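Hello,

Here is the structure I promised to pass on to you. My notes on one part of it follow below.

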Amino acid sequence: MARKIVVTSGKGGAGKTTVCALLGESLSRLNKRVIILDLDFSLNNLDVVTGVEDKVVYDVADVVNGRCRVKQAIIKVDRNLSVMQSGRSWSDFLSGQSIRLLTEGLNGYDFVFLDCPAGVDEGFMRAVSAADEAIVVVNPSPSSLRDADKTVNILAQYKPENVYGIVNKVRGDLVLRGKELSASEVGDILKIPIIGCVPDDDAVLTASSCDVYGKAMRSFGMIAKYLIKGEGKIYDCLGEFKRPFGRLKMALRSRG
Ligand SMILES: Nc1ncnc2c1ncn2[C@@H]1O[C@H](COP(=O)(O)OP(=O)(O)OP(=O)(O)O)[C@@H](O)[C@H]1O
Ligand SMILES: [Mg+2]
């Protein structure tokens with residue numbers, strides 16, 4: 001049976017879709033079969049982030065409404081990674097229950113990720129009620145933390161098996177200077193296990209597919225292993241600034 005994990009954040013732009021795509025890609029590189037469902041019906045962009053926008057014919061709403069078979073809406077990103085897009089169409093039958101039925105009918109996957117819209121209203125509830133576990137993506141900023149904290153509290157009502165945190169867009173140089181919270185401080189505030197710390201990385205910002213390499217991808221590789229084993233190491237976002245020339249790098253970043 002696939003693990004059904006909703007990826008949420010409260011605050012918009014924290015990195016939910018990025019986490020779905022790059023964690024999905026990392027799991028697929030470890031031979032896990034992954035499908036990501038885009039459940040953001042207003043500002044959907046999973047197809048763009050995974051580089052399959054030209055391949056979308058049917059979407060989640062088409063499946064729920066019976067306009068196509070499940071298989072017709074599944075788009076392969078690579079051998080082990082697939083996505084199902086939202087947003088081309090709408091269905092009055094879209095509910096947590098119908099999404100749950102859809103996810104339960106997806107055979108042959110190890111992980112089903114549900115890419116949640118920002119906020120904690122209808123779209124959030126629909127996604128959360130179709131999942132068994134949750135990942136809360138949080139940036140180390142006061143506003144993101146507050147929204148993540150609210151999200152964690154609301155999630156508790158759904159009694160998910162696990163609620164994990166991923167701290168995204170971390171600036172190691174700012175953490176070292178005491179201007180940004182560390183991942184463990186974020187975990188202490190949210191009272192959830194932090195399974196990953198992803199650096200702020202231009203390679204993610206400029207990517208047009210899941211074909212990303214570099215420090216952020218190393219971090220997602222570690223998160224993938226953590227998720228599979230239920231334990232593991234977290235990427236050290238401060239490491240690059242502690243090594244030789246690290247101080248120079250810090251000084252350069254603070255200038256500009
Ligand atoms: N670790 C990172 N380093 C640099 N840029 C990042 C990182 N993670 C995400 N981004 C960038 O931040 C922006 C928002 O990311 P993303 O779309 O994944 O957020 P989201 O939470 O899904 O947003 P929304 O709430 O609108 O659905 C994107 O431009 C993405 O490339
Ligand atoms: Mg998104």
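Strand β6 (residues 133–138) runs parallel to β7, and the two are paired through six bridges. Helices (H or I, at least four residues) and strands (E, at least two) are DSSP runs, numbered from the N terminus, and strands pair if DSSP finds at least two bridges between them. Do bear in mind that this is a predicted model: local features need pLDDT of at least 70, side-chain atom pairs count only at pLDDT 80 or more, and totals for chains, interfaces and linings use all residues. Residues are numbered from 1 along each chain as its sequence is written, with chains lettered from A and ligands numbered from 1 in the order in which they are written.

Strand β7 (residues 162–170) has eight of its nine residues buried (20 or more other C-beta atoms within 10 Å of the residue's own; exposed means 12 or fewer, partly exposed in between, with C-beta atoms placed from the backbone).

Now for α8 (residues 183–190): its buried residues are Ala183, Val186, Gly187 and Leu190. They lie on the same side of α8 because they cover an arc of only 100 degrees around the axis, taken from the directions from the helix axis to the C-beta atoms. Ser184 and Asp188, on the other side, are exposed. After α8 comes Lys191, with a positive phi near 55 degrees.

Best wishes
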